[in-house]
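Dear colleague,

Please find the structure below, placed here for your records.

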Amino acid sequence: AYLDRIAAEDLEVAAYLHVDAEAALKQAAEVDAARAAGTELGPLAGVPVALKDVVVTEGVPTTSGSKILEGWLPPYDATVAARLKAAGTVLLGKTNMDEFAMGSSTENSAYGATKNPWDAERVPGGSSGGSSAAVAGFLAPWAIGTDTGGSIRQPAAVTGLVGHKPTYGSVSRYGLIAFSSSLDQAGPMARTVLDAALLHEAIGGHDPRDSTSIDAPLPPLAECARRGAEGDLAGLRVGVVRELGGEGHRDGYEPGVLARFAEGVEQLRALGAEIREVSCPAFDLGLAAYYLIAPSEASSNLARFDGVRYGLRVGDDGTRDLDTVMALTREAGFGAEVKRRIILGTYALSSGYYEAYYGQAQKVRTLIGRDFSNAFEGCDVLVSPTSPTVAWPLGARVDDPLAMYAADLCTLPASLAGLPAISVPCGLVDGLPVGFQVMAPALADDRCYRVAAALE
Ligand code: GLN
């Protein structure tokens, strides 16, 4: 049924970069055969799933939204992909994304923009906009996204989905094409909080192949989602972050978004939560710090695309030296935003500027972590809008990188501190979805699911 919907609708939505119907049907038939033979199968066996194209899949084209990886067939599966395969899920296809996950609208994909199924003239968010559009458009029941500075939560918010960025280190990064290694994290995008929790449980947990993987069991996420849905939040202490849309911090926020958010807060109060305002002054510096740290790490990670090891190679006709072939390959293979970040990051890391830029940004990162620690002394969770605006018209921000970066205002603090955060739908403005963000202390992802389920 999903393959039929993709065939009928995806020319318009453009959520997928790669669909192999034959392979999907074969995987599904294998599950059926195993079931018929009496093999004990897990609860997700036979359920289709879409993967953001940043997740490496053995023998299945993986581009990370870039021309530089066009035609590359990975020789192995990312841990996330391997775990989903082992659970018996069926891979529907790979979804579109901003090139190397750099963006907030999916318009930075080298393969064209994806449309928001709520309004085909608008962006589906980004960078996991192919995954958000696939799920919102009923072209997949759920999908995997990755979030470096908001790329699961923001596209979920603007397409009316649930999206969760797990605690940094709690879902393996092995086989995710690296953007900013100290921030990247894969997570679920789904139509309901319970679905997101089930998908998260399938991919999460310790992985010895990722040196930053945390060796601790996952909390019982689906159980907490079910408990949250009962709607009892008595005694839960909820902090509303002033710096994220509160008094004196409303520049760039749409009034409708703030109104829906305030209604969400009232709903939490009605369910028994104690609401208090908290101040996290360093959050005001989150955007500036992120746009130094992420490009710095990206400039280093993207050095591996040299035209020798993977994908595209340009100008190698026997007359040119290695440096020239690398330069021609990178010039042709990377898009404008990727080049902008490589230049920014290389500059921020260069001798003489390192302390002033990268070093300062790392100090801000520490301050943001301290603000969270202080706030969590008096609160169990913190809340904010997920995105300052609803989905904007295609093209509206493509020539204005700073306007594009401003979409990440609310999601960046939890990213920089490595904390779990979920976006759950909280109503509409002019027919377009708004997201409500719930942030929790490290490894307390279960709290995000509990509160989100109560709001759902
Ligand atoms: N929009 C942010 C950026 O462009 C976040 C992207 C992400 O989380 N992958 O870097």
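Two strands are said to pair if DSSP finds at least two bridges between them. Helices (H or I, at least four residues) and strands (E, at least two) are DSSP runs, numbered from the N terminus.

This is a predicted model, in which local features need pLDDT of at least 70 and side-chain atom pairs count only at pLDDT 80 or more, while totals for chains, interfaces and linings use all residues. Residues are numbered from 1 along each chain as its sequence is written.

The sheet

Strand E10 (residues 421–429) and strand E11 (residues 432–439) run antiparallel and are joined by seven bridges. Within this pair, Ala 421 stands opposite Met 439 in E11. Both strands belong to an open sheet of 11 strands with mixed pairing, in the order E1-E3-E2-E4-E6-E5-E10-E11-E9-E7-E8. Its edges are strand E1 (16–19) and strand E8 (274–278), each of which pairs on one side only. On average, neighbouring strands of this sheet are turned by 30° against each other, direction ignored. Helix H8 (residues 255–270) packs on the sheet and touches strand E7 (237–241), E8, strand E9 (381–385), E10 and E11. The direction of H8 makes about 115° with that of E10; axes are lines fitted to C-alpha atoms, for helices over the stretch in contact, and angles run from 0 to 180 degrees between N-to-C directions.

Strand E2 is joined to strand E3 (residues 90–95) by five bridges, and the two run parallel. Here Pro 48 stands opposite Val 90 in E3. Five of the five residues of E2 are buried, a residue being buried if 20 or more other C-beta atoms lie within 10 Å of its own, exposed if 12 or fewer, and partly exposed in between, with C-beta atoms placed from the backbone. Pro 48, Ala 50 and Lys 52 point one way from E2, whereas Val 49 and Leu 51 point the other way.

In helix H3 (residues 79–86), the buried residues include Thr 79, Val 80, Ala 81, Ala 82 and Leu 84. The cover over the buried residues of H3 includes strand E2 (48–52), strand E4 (142–147), strand E6 (185–190) and helix H6 (193–203). Just after H3, Gly 88 takes a positive phi of about 90°.

Ala 34 is found in helix H2 (residues 21–36). Ala 34 counts as partly exposed because 15 other C-beta atoms lie within 10 Å. Leaving aside neighbours within four places in sequence, Ala 34 is in contact with Thr 39 and Leu 41; contact requires C-beta atoms, placed from the backbone, to lie within 7 Å.

The ligand

The ligand is surrounded by 13 residues, the closest being Ala 101, Ser 104, Thr 148, Gly 149 and Ser 151. A residue is near a molecule if its C-beta atom, placed from the backbone, lies within 6 Å of it. By class, this shell has four nonpolar, seven polar and two charged residues.

The chain as a whole

The secondary structure of the chain comes to 15 helices and 11 strands. Of the 456 residues, 56% count as buried. Residues 24 or more positions apart account for 75% of the contacts with a separation of 6 or more. The C-alpha atoms fill a box of roughly 70 × 65 × 45 Å, taken along the principal axes.

Yours sincerely

Conventions: Contact = placed C-beta atoms within 7 Å. Nonpolar A, V, L, I, M, F, W, Y, C, P; charged D, E, K, R; others polar.
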